[in-house]
Amino acid sequence: MTSHTQLYEIFIRSQRGLDHKHVGSLHADDAEQALQYARDVYTRRSEGVSIWAVKSSDIAASQESDCGSFYDPLDDKPYRHASHYDLPDEVKSL
Amino acid sequence: MDQAEEEKVFQERVDAEEKIEPKDWMPDKYRKTLIRQISQHAHSEVIGMQPEGNWLTRAPTLHRKAVLLAKVQDEGGHGLYLYSAAETMGVSREEMIDDLHEERAKYASIFNYPTLTWSDIGAIGWLVDSAAIVNQISLQRTSYGPYARAMVRICKEESFHQRQGYNIMMTLMRGSDEQKAMAQDSVDRFWWPVLMMFGPHDSDSVHSAQNMKWKIKRQSNDDLRQKFIDQTVEQANAIGITLPDPDLKWNEERGHYDFGEIDWEEFRRSMSGGGPCSRLRLAHHRQVHEEGEWVREAMRVYENKKRSNQEAA
């Protein structure tokens with residue numbers, strides 16, 4: 001059996017003010033149908049106030065195997081964290 | 001729904017502490033105000049890279065250089081978060097940059113001051129970033145969702161900025177007499193311009209009432225300035241820095257520090273392009289933008305080529 005529909009990734013905003021969060025994917029003919037399906041599949045218990053549907057093929061993703069070259073140099077930069085710097089005892093907050 | 005009804009729903013949403021999201025109906029003035037505010041905030045982050053970048057090649061140790069580089073890199077990232085938040089309101093990045101170059105958009109006047117000595121880098125990290133954080137913590141609760149979320153991300157990253165600045169000042173204040181004098185001189189020059197960062201007094205602030213009603217602003221200029229002063233005095237005392245204001249005194253009754261009057265004439269001059277480095281900052285931004293044109297051109301050509309190859313295939 002061949003599939004004529006496309007894969008969409010679904011993102012839901014659970015409430016105003018929060019980012020859309022990836023919840024899963026589904027097949028649909030077009031974006032409008034993807035939204036309708038997402039409503040039925042992912043928001044049956046008022047999980048969200050807004051849905052984003054994005055074609056899976058439009059998502060550019062880094063791979064875990066890229067980790068080395070992507071993230072490795074960050075481990076020796078502890079000075080990017082506030083906790084790296086000592087404060088005098090008298091200073092309670094900074 | 002007609003306009004009046006839309007506006008009512010909008011205000012009720014704001015009153016209920018619900019965020020406004022990009023596709024919601026919003027008053028034109030709300031959109032305009034936010035585009036102006038967010039883009040000017042973005043310009044400030046990017047222009048702010050110049051005074052600090054000035055010391056990258058002259059940082060006193062390799063470690064200080066790496067730290068400063070990391071900080072300046074963060075500021076560029078913060079500019080990006082903010083430009084993106086503004087773009088959700090339908091303005092393009094090019095329009096915003098154009099507004100900056102044509103001087104229709106402003107940026108924080110503090111970056112129009114020069115960084116003359118290494119300790120200026122300490123003073124900026126400690127005082128300028130602390131003041132920015134006081135303002136930005138308040139803006140985490142602003143009513144426009146994408147702006148509020150950008151503020152959360154930025155505040156998280158800023159905490160190391162003020163600490164590294166304070167660390168520079170603390171180290172200098174534990175050093176030789178010359179080092180102590182250099183640190184004190186930086187604070188003497190930066191203290192008053194930093195207080196101006198919070199904007200005019202509430203009584204002179206034109207947009208305040210409407211912006212508070214729409215919850216674009218959550219705390220007034222004077223309240224935020226007071227908060228910054230109260231928390232900074234202790235930090236200055238701990239390392240032996242004197243804040244250059246003879247009127248700075250604890251007021252038991254108010255539970256706050258009293259302080260002297262700001263030179264608002266200087267503030268207006270600096271905001272309207274008359275600061276010591278105003279022309280330099282803009283000229284440099286324009287120059288770098290023009291010098292980068294060949295990169296944008298190359299990207300356009302490559303995009304077109306890729307598209308015609310795809311069409312041919």
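Mentor: Ala, Val, Leu, Ile, Met, Phe, Trp, Tyr, Cys and Pro count as nonpolar, Asp, Glu, Lys and Arg as charged, and the others, Gly among them, as polar. Bear in mind that this is a predicted model: local features need pLDDT of at least 70, side-chain atom pairs count only at pLDDT 80 or more, and totals for chains, interfaces and linings use all residues. Residues are numbered from 1 along each chain as its sequence is written, chains are lettered from A and ligands numbered from 1 in the order in which they are written, and side-chain values use heavy atoms, with hydrogens and water left out.

Trainee: Which residues lie nearest the centre of the largest pocket?

Mentor: B:Gln40, B:Met197, B:Phe198, B:Gly199 and B:Met271, out of 50 lining residues. A pocket is an open set of points on a 1 Å grid over the protein atoms alone, where a 1.4 Å probe fits, with protein on both sides within 12 Å along at least five of seven lines; a cavity is a set the probe cannot get out of, and lining residues have an atom within 4 Å of a point.

Trainee: And which elements give two or more residues to that lining?

Mentor: In chain B, they are α2 (28-47), α4 (62-87), α6 (118-139), α7 (145-173), α9 (208-213), α10 (221-239) and α11 (264-274). The largest share, nine residues, comes from α6(B). Helices (H or I, at least four residues) and strands (E, at least two) are DSSP runs, numbered from the N terminus.

Trainee: What volume does the largest pocket have?

Mentor: About 1400 Å³. A volume here is the space filled by probe spheres set on the grid points, which are joined across faces, edges and corners.

Trainee: How many cavities of 30 Å³ or more turn up?

Mentor: One. The largest cavity has a volume of about 40 Å³. Its lining has one nonpolar, two polar and six charged residues. Among them are B:Val14, B:Glu17, B:Arg141 and B:Lys215.

Trainee: Where does B:Glu17 lie, and what is its phi?

Mentor: B:Glu17 lies in the loop between α1 and α2 of chain B. Its phi is near 65 degrees, a positive value in a residue other than glycine. B:Lys215 is in the loop between α9 and α10 of chain B, with phi near 60 degrees, also positive and also in a residue other than glycine.

Trainee: Is B:Lys215 buried or exposed?

Mentor: B:Lys215 counts as buried, because its relative accessibility is 15%. B:Glu17 has 41%, so it counts as partly exposed. Buried means under 20% relative accessible area, exposed over 50%, partly exposed in between, with a 1.4 Å probe and protein chains only.

Trainee: Switching to rings. How many aromatic pairs are there over all chains?

Mentor: A search of the whole structure finds 11. One of them joins B:Phe10 and B:Trp214, edge-to-face, at 6.5 Å centre to centre and 85 degrees between the planes. Rings of Phe, Tyr and Trp (its six-membered ring) pair if their centres lie within 6.5 Å; planes under 30 degrees apart count as stacked, over 60 as edge-to-face and the rest as tilted.

Trainee: What about B:Trp55 and B:Trp118?

Mentor: Their ring centres are 6.3 Å apart and their planes at 65 degrees, so that pair is edge-to-face. Both residues are buried. The charged end of B:Arg58 sits over the ring of B:Trp55, 4.1 Å from its centre. That call needs NZ of Lys or CZ of Arg within 6 Å of the ring centre and within 35 degrees of the ring normal.

Trainee: Now chain A. Which strands pair with β1(A)?

Mentor: Strand β2 (residues 21-28) pairs with β1(A) in the antiparallel sense over seven bridges. Strand β3 (residues 50-55) is joined to β1(A) by six bridges, also antiparallel. Two strands pair if DSSP finds at least two bridges between them.

Trainee: Which residue stands opposite A:Glu9?

Mentor: A:Ser25 in β2(A). A:Phe11 stands opposite A:Trp52 in β3(A). Six of the eight residues of β1(A) (residues 6-13) are buried, so the strand is largely enclosed by the rest of the structure.
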